[in-house]
Amino acid sequence: MTNIKEAIIKATTELIEENKGDAKAVTARAIAERSGIALGLINYHFKSKDKLIEMCVQRIVNKILLCFYSGTESGENVIKSVTRQAKQLMDFFFDNKAIARIFILSDFKEYHPKNNSVSTQNGLKMTIGNKVENRKKRLLCFILTSAIETAFLTGDCSKEILGCDLNDKEERDFFVEDVVYMLFQGVM
């Protein structure tokens, strides 16, 4: 049974990546065909195509997140490191809008300790290390992750809502720098 589930997950992940995160382009029929599994087994094992896609997106994003949180680079202070990683996260979201939307909205629907948002927070906590009391570190990482995810979801309204066009890399970087500075200035 595990082999069937893994074959379905593998096929779905490949299709999501090939379609640049466009979940609507990933059909149950295409998943069944790619995996060599009967169409009915997709719903049997995953209850719905949407749940399957959310699971696959979570796996994709977790692999990517592991690359972001490499810790503090040589000679880099914690705030610069957190800023660098927050910028990487924002860039990933804007370069992969469909996957990012699934990533964030599925987390918001069912928030739990193993979802993508919490993985992001944990990566940021590793970067901060022991420089901040644990309770404050958790709160900082929660607020920063929430701000980045919510800002991404503002989409084309970011200029009106936030005063900066997050589709513009330079303005997006300024946004991240400002948020990190405002959060960390009183703590570090």
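**Figure 1. Packing of helix 5 against helix 7 in a predicted model.** Helix 5 (residues 78-95) packs on helix 7 at an angle of about 155°, and their axes are 9 Å apart. Helix 5 is therefore roughly antiparallel to helix 7 (angles under 35 degrees count as roughly parallel, over 145 as roughly antiparallel, 65 to 115 as roughly perpendicular and the rest as oblique). Axes are lines fitted to C-alpha atoms, for helices over the stretch in contact, with angles from 0 to 180 degrees between N-to-C directions. The crossing of the two helices is right-handed, that is, the near helix is turned clockwise from the far one by less than a right angle. Val78, Ser81, Val82, Gln85 and Leu89 of helix 5 meet Thr120, Leu124, Thr127 and Ile128 of helix 7; contact means heavy atoms within 4.5 Å. Helices are DSSP runs (H or I) of at least four residues, numbered from the N terminus.

**Figure 2. Packing of helix 7 against helix 8.** Helix 8 (residues 134-153) packs with helix 7 at an angle of about 130°, with the axes 9 Å apart. This angle makes helix 7 oblique to helix 8. On the helix 7 side, the contact is made by Ser117, Thr120, Gln121, Leu124, Lys125 and Ile128. Their partners in helix 8 are Lys137, Arg138, Cys141, Phe142, Leu144, Thr145 and Glu149. Helix 7 passes helix 8 in a right-handed crossing.

**Figure 3. Helix 7 and its two ends.** The 13 residues of helix 7 (residues 116-128) should span 18 Å at 1.5 Å a residue, and the end C-alpha atoms are 19 Å apart, which agrees; the expected span is 1.5 Å times one less than the number of residues. Of these 13 residues, 10 are buried (under 20% relative accessible area; exposed means over 50%, partly exposed in between, with a 1.4 Å probe and protein chains only). Among the buried residues are Asn116, Val118 and Gly123. Just after the helix, glycine 129 takes a positive phi of about 65°.

**Figure 4. Lysine 47 in a loop.** Lysine 47 lies between helix 3 (39-46) and helix 4 (49-68). Most residues other than glycine have a negative phi. Lysine 47, although not a glycine, has a positive phi of about 70°. Because its relative accessibility is 67%, lysine 47 counts as exposed.

**Notes.** Residues are numbered from 1 along each chain as its sequence is written, and side-chain values use heavy atoms, leaving out hydrogens and water. In this predicted model, local features need pLDDT of at least 70 and side-chain atom pairs count only at pLDDT 80 or more, whereas totals for chains, interfaces and linings use all residues.

Conventions: A polar contact is a pair of N or O atoms within 3.5 Å; within protein, one must be able to donate a hydrogen and the other to accept it, and residues adjacent in sequence count only if both atoms are side-chain atoms.
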